[in-house]
Amino acid sequence: MEQGSILLVGVGGQGVVLASAIVADIALRCGFDVKQSEVHGMSQRGGVVTSHLRFGGQVHSPLIERGQVDVLVAFEWNEALRWLPQLRPGAPMIVNLQRQVPPGACRDRKSWRSGYPAVALDALARQVGDLRVCDALAIAGQAGSPKAANSALLGVLAPLLPFPESVWLDALRSHVPPATVTINERAFAAGRSLPFPEETRRHAGATRFSANGFHGRDESAPPRLEVIAVWCKGCDICVRACPTHVLALNAADKVAVVRPDACTGCRLCELLCPDFAIVVHDAEERAADLTAANHSGSEARG
Amino acid sequence: MTATLLQGNQACVRGAIDAGCRFFAGYPITPSSEIMEGMATMLPRVGGVFIQMEDEMASLAAVMGASLAGRKGMTATSGPGFSLMQEHIGYGAFAEIPCVIVDVMRGGPSTGLPTSPSQGDVMQARWGTHGDHPIIVLAPASVAEVYELTVRAFNLSERYRTPVILLYDEVIGHVRERAELPSLESLGVVERPQPNCPTEAYRPYGDGAQRVAPLADFGSGYRYHVTGLAHDERGYPTQDPRVIARLHERLHAKLQDGRAEIVSYEGEELDDAEVVIVAYGVSARAARRAVSEARRQGLRAGLFRPRTLWPFPDAEVNVLARSARALVVAEMNMGQIVYEVERCARGQAPVFGCLRADGQPLTPDEILARLVEVRAGEAEVSR
Amino acid sequence: MNTAARADYRRYLRLDMMPHILCPGCGHGIVLQAMLRAIWRLGLPQDQVAVVGGIGCSSRMVGYVDFCTLHTTHGRALPFATGLKLARPELTVLAIVGDGDGLAIGGNHLIHAARRNIDVTCLLLNNAIYGMTGGQVAPTTPTEMVSATTPGGALEPSFDSCKLLEAAGASFVARGLSSAPIDLEALIVQGIQHQGFSFLEVLSDCPTYYGRYNRLGEGPEMLQAQRRHVDWVAAPLADKAFVPGFADTAAVADVALQYGVLHRETRPELSEQVHRLIAASVGEGPT
């Protein structure tokens, strides 16, 4: 492997950036040109973190094009699915089975259902040629600390990259806190020794819901916001009323849907719009439409 | 035709009931209160609704609300109340809501002479509300004519979708006289036409062949908007100058087109008259006596009596101005219709007033004296 | 009665008239939507609903809804509504009036409609100012508040319209908020269902004049202030400077601006009485 594009994805607090920095250091130590770019500005804890890492004789672009990732390392199940389209067809993908429901997926106050996707490994395996699934949290726990899960994942990654094991261990030792070196070495070694594809098969068939009571979102009925822009007068009431900041005023001072996925269907925007410019459609509406059809049938005239 | 002893205000009640009036809202005021009291008794017996409102504005408003719901409606008042009603008369004219307003005139201005007659509201009846609008004003001169013109008022109101004002004075309202009422068959009763088009095609302010669109009852299945704002054919507010101009033109044209039916008058001894008295209401009764007395004295006098004050019979007055040497307008005010007659005469004949505004009716002697004065050339023009 | 969560209220809009003419952030449109949802929820036949307005920003809204609509003269919506209801009692009659419209020029009509207990549901939209004419002081402008005609602050005290109407005899009195649209919808439903005169004062906002003159912010700020300052029945107010009808903060420290249903009683309804009288009188005596 003369060059490589690796995408590491996870959520805030998982050590994604540290893992990426270690790999970058290793590549540098091995004489490669390296570019590493992170997107984690608004992640805080629980938010999305991605790190693009590219190495080779000479690397120009700091970012990896969609569909050009040589190895995708997903620290979290939901993020694995989110970034799957970035992976080059047939390329290997490492998936940690940890599930961390982000705050944004907890906010369907109406149904109290989370938007977190169910774990369905078989479906994922059909889309990924070389799927390497592990339970990094468990490995790290056995190694001495769940915080070392990122080292375990580096262990899983190591055989896929053209770097000598001694360099991996040197870099690892120099980046992790001194008190945790031994734990991280153990975690790395455990990850590195996992047999694939046997390990993936061991987890195969896993279709579970996340432990904290959430189950899969009903994707058949996502709330859909209808904005009648010509009626909107840009009063800003809906923007300020929306608890999940779905709406914003655009340059023309008309309301625009900027975070449609964040909509919980609470209808505050619709109820408080003085100009009838927003309608929230969802599954319940279909039921209501049926009622309305009956309702209109009872009228003397249409 | 049967003769009965009837009071003018009672004749109004009878005419209203016979014409199909089924809603009355009013506020007590002398000298019109007998109409309201009569309606309170009579309406429930024929399935009609009576309500005494909190003031005259509310009274006419309630009448128009009821009219939109399909009931022929009427209110009755006198000067001060008539002043309060003006805004709603304009509303009714613009929104084209049929209704009948009876104004039993008393001495004014302000509280004036509550129990005395006057003819001081004739110009207010025409021009009292702001803005341009056409209006129909009828002026009966006897108890029988109060009955007849009350029925006519409803008929014209329904046919032309406009408020109609029945204007008479305290004497006509309170006099009890032998009245031979015309049969209802001879007068006819106009019922409001209802639209029969699909609901979505209904244009409540459309320009039909007769210039008047049918008015659908609220609750009958046609949903539409009524407003006092300038509006388009659907009744929706508009500021389009072309649409507004068309609306005003149509409102005026509908009464102009119907002039032959609307404008009514009577003439007596006009063929060879050298001096013509123009008089209406109670003044015409004194004028009639003055004419016969003048003729006895060799003065060729005649009487022209408009039964429709507005639209004014202007063409007819103009013809008289061409044939007569002078016109004398006898009215109980300080000069109102006299100016209209002057306008119609167009300088063809001098116009003189025989005016009185002290709460006392004009007497035949007064009018006769004025005729003599006019023929002798001693009278001042218009005074 | 429609129980589905989602009210199909847009069917009642005259789409060719929209958008309406009211200013950005004006609370009146929120109230109108709540009214339409209430009508939908009750399943009233559209042809049998009449909505009557007076003159002003609030009354102007009757032109945008597809019922039998009557936009009348300043202050006189209720007499028109009274005639309509008496002439055709099967109609559901609603009146939308403003605070100046209903309490100043139309104050007499308002109290008499309440006294008669005619089955009309009256929404009085209180934005504490005359909006349509440019922000002049209203009978609901709190003392000391600035308007175009009280540049140094209003001297006169304001009406509490709910107390006024209860005293006048309204058999259903409620106060709603544009900032609490679901509660408002429920109040309007109850108002329409009530047999007799139903009066609902709805606090709304005029950011264009009242908000600007008194530095209360735009629509969102005024709406949020409503929620902060007003609570359910009997909740005390900490700061009532904003709330229309409650001017003197010192004097009302222990007074609550209540919202919800404030008064309800069963009393004979006028149109029913009138038509019972007619039924008993038809054919009697000489006609």
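Modeller: Residues are numbered from 1 along each chain as its sequence is written, and chains are lettered from A in the order in which they are written. In this predicted model, local features need pLDDT of at least 70 and side-chain atom pairs count only at pLDDT 80 or more, while totals for chains use all residues, and side-chain values use heavy atoms, without hydrogens and water.

Biologist: How many salt bridges does the structure hold over all chains?

Modeller: A salt bridge is a side-chain nitrogen of Lys or Arg within 4 Å of a carboxyl oxygen of Asp or Glu. Over all chains, the number of salt bridges is 54.

Biologist: Is Glu199(A) buried or exposed?

Modeller: The side chain of Glu199(A) forms a salt bridge with that of Arg202(A), at 3.1 Å from N to O. Buried means under 20% relative accessible area, exposed over 50%, and partly exposed in between (1.4 Å probe, protein chains only). Because its relative accessibility is 6%, Glu199(A) is buried.

Biologist: Which strand of chain B holds Arg305(B)?

Modeller: Glu145(B) and Arg305(B) meet through their side chains in a salt bridge of 2.6 Å, N to O. Helices (H or I, at least four residues) and strands (E, at least two) are DSSP runs, numbered from the N terminus. Glu145(B) lies in helix α6 (residues 143-160), so the pair ties together parts 160 residues apart in sequence, and Arg305(B) lies in strand β13 (residues 301-306).

Biologist: Which residue of chain B meets Asp16(C) in a salt bridge?

Modeller: Asp16(C) lies in the segment before α1 (28-42) of chain C, and the pair crosses between chains to the loop between β10 (225-227) and α9 (241-257) of chain B. At 2.9 Å, N to O, the partner of Asp16(C) is Arg234(B).
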